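Here are my notes, as promised. Have the model open while you read, and go through the points in order.

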Amino acid sequence: MVRSTFAGFSMAQLALSANQKALDVTGQNLSNINTEGYTRQRLDLVSISPQQAGSFSSPNDVKVGMGVLMTGVSQIRDPFLDTQYRNQLTKVGTADSINNILSDIGGIFDESDKSAIKEQLSDIVSQLDKLSQPGQSSDDTIVRSSFEVLINYIHQNAEDLATVKDKVIDRIEDSNLADIRDILENIKNLNESIKQSQILGDPALELQDQRNLLLDDLSTYLPIKVETEKVHKGGGIYVDKLKVTFTGSNNKNITLIDDDKVAEKIFVKLNKDQSDPNYGKYEMEIVDTDGNTYNNVESNLKEGILKGSLDMLNERGSFNGSTTNGIGFYEDTFNTFVNTLAIKMNELNGVTYVNGKATGNLDKALFTTANGGADGFTASNIKISEEWAKGTIHIKRTDTGTSTGNETILKMISLLSDEEVELINPDGTQSGTKKSLFDCYGSIQNTYAIDKKSYESLLQNHTTVAQQAATSRESVTGVNMDEEVMNMMKYQQSYNAASRLMTTLDTLLDKLINGTGVV
């Protein structure tokens, strides 16, 4: 079969168009080299197969392809690198969330540049020492005033801890969850726009870039799995269908986005059921795209900002068998310090205690709770007893009843200085730890310092790994200036060659038409 006269011109024309389009794609890449989230694009080309043999073709005919065909413009992405990067972002989110909350806690107990509880304890010891000196009157007003200052510091720390907790709760409800809902809704809207564009023949690559940025943001809050499949709409038209799933521990997977459907609810609530083992904890609930409700999702969070925030709200370290020293741990440790201080001082002044509960001589109490009790002290409810404040009772100087002894005052000095005592929790249970009160408070600062250093290191490590993952992904998806310039030169040369081919074919055809048979 004789090849079509103009087949060569068609081939050259297709080559010119393909190289022109390739130069356009290269220009698009170069112009977006600094655009956040932009994914490098490429022109997809396929070779056109030779024409099918006709009934008169010879087996000896040499079949030649018909040129090049442009099938579309696509992005250069690696789903594995996307998953790896997003997994690291989730870990960064956990460490960053905990580290930020610890910074707020540190501002409460860090006394390196301010006068507070440790210095005030020393001042009380000094005042008690003066009171014990021979010839001093029995007036303990100055000691009581020093204790009032100490209690003010204690109350302030308690209020500040409560403020930190409120701040975390507000951040979860007003920022984190609101961001998640906005991200999910925006992704759903982009899914619809991308599908509509693809139906009209536009690959919507820039919209996909926007969606990928949102998916990266979502992965900082909780671990996700992203799946995309091609769905045939008929007439050779395919559109992308996106599914995003929360991947929790214990194989708990919850669909957050399924094409044009989005999770109906994502919220956090306080468990107020006193019969529930999780009473007092903040629980996360999700209603998925099909209306299925999942409770206690927080227990299945592996990583992410929500994981870090909820752990700091719910976990209390050794007080509830957790490895995370959350806000509750610092509250409980501080309350144990306060409760032990008040009970031991009251006990030295004559109040009788059994298993941490006041049983007698309550009128001798130097400290009471806000409701007048002499046990169950916390940092927020401790106060100077009304009797001591009015001067109807005083610090007992001795157990013998004489006015010359100072045994009790000396015991109080020892208690506040270096005597190791069994620490008593506000519920009356023994903590199982024996320390001086000074060391008990100091242990809060030491634990904080260890936790802060640990999570700073962890955050730095996760950030480094995430940056490495980002670099690996960028090497595939990002625009490389040198590579694009080389492509530009290559397509220019190919364009020139295709132009030369068309000129050559024109010369041959002119010779064939005008020069054949001419002598």
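1. Ground rules. This is a predicted model, where local features need pLDDT of at least 70 and side-chain atom pairs count only at pLDDT 80 or more, while totals for chains, interfaces and linings use all residues. Residues are numbered from 1 along each chain as its sequence is written, and side-chain values use heavy atoms, with hydrogens and water left out.

2. Confidence. On pLDDT (the predictor's confidence in each residue, from 0 to 100), the protein averages 90, and 94% of the residues score at least 70. Helix H5 (residues 205–219) has the highest mean, 96, and E15 the lowest, 84. Helices (H or I, at least four residues) and strands (E, at least two) are DSSP runs, numbered from the N terminus.

3. The core. A nonpolar core here is a set of buried Ala, Val, Leu, Ile, Met, Phe, Trp, Tyr and Cys residues joined through side-chain atoms within 4.5 Å; buried means under 20% relative accessible area, exposed over 50%, partly exposed in between (1.4 Å probe, protein chains only). The largest one has 92 residues, and Ile105, Phe147, Phe334 and Phe367 have the most contacts inside it. H4 gives the most to this core, 17 residues. Look at Phe147: leaving out residues up to four places away in sequence, its contacts (heavy atoms within 4.5 Å) are Ile124, Met345, Phe367, Ile384, Trp388 and Leu416.

4. The three-stranded sheet. E7-E8-E9 is the order in this open, antiparallel sheet; two strands pair if DSSP finds at least two bridges between them. Strands E7 (265–270) and E9 (293–294) each have a single partner strand, so one side of each lacks a neighbour in the sheet. Between E7 and strand E8 (residues 282–287) there are 6 bridges, with Ile266 opposite Ile286 in E8. Helix H4 (residues 141–199) lies across E7 and E8, at about 170 degrees to E7. Helix H6 (residues 305–314) also packs on the sheet, touching E7 and E8, and makes about 145 degrees with E8. For these angles, axes are lines fitted to C-alpha atoms, for helices over the stretch in contact, and angles run from 0 to 180 degrees between N-to-C directions.

5. The four-stranded sheet. This one is open and antiparallel too, in the order E3-E4-E5-E6. Its edge strands, E3 (224–234) and E6 (261–262), pair on one side only. H5 packs on the sheet, touching E3 and strand E4 (237–247), with about 10 degrees between its direction and that of E4.

6. H2 against H5. What angle do the axes of helix H2 (residues 79–109) and H5 make? They cross at roughly 40 degrees and come within 8 Å. On the H2 side are Tyr85, Arg86, Leu89 and Thr90, which meet Asn212, Leu215, Asp216 and Ser219 in H5.

7. The hairpin. Strands E14 (residues 421–424) and E15 (residues 430–435) pair antiparallel over 3 bridges, and Val421 stands opposite Lys435 in E15. There are 5 residues between the two strands, and Gly428 in the turn has a positive phi of about 95 degrees.

8. Thr477. Buried or exposed? Thr477 counts as buried, because its relative accessibility is 5%. This residue is found in helix H10 (residues 437–477). Apart from neighbours within four places in sequence, Thr477 is in contact with Tyr38, Thr39, Arg40, Ile76 and Arg77.
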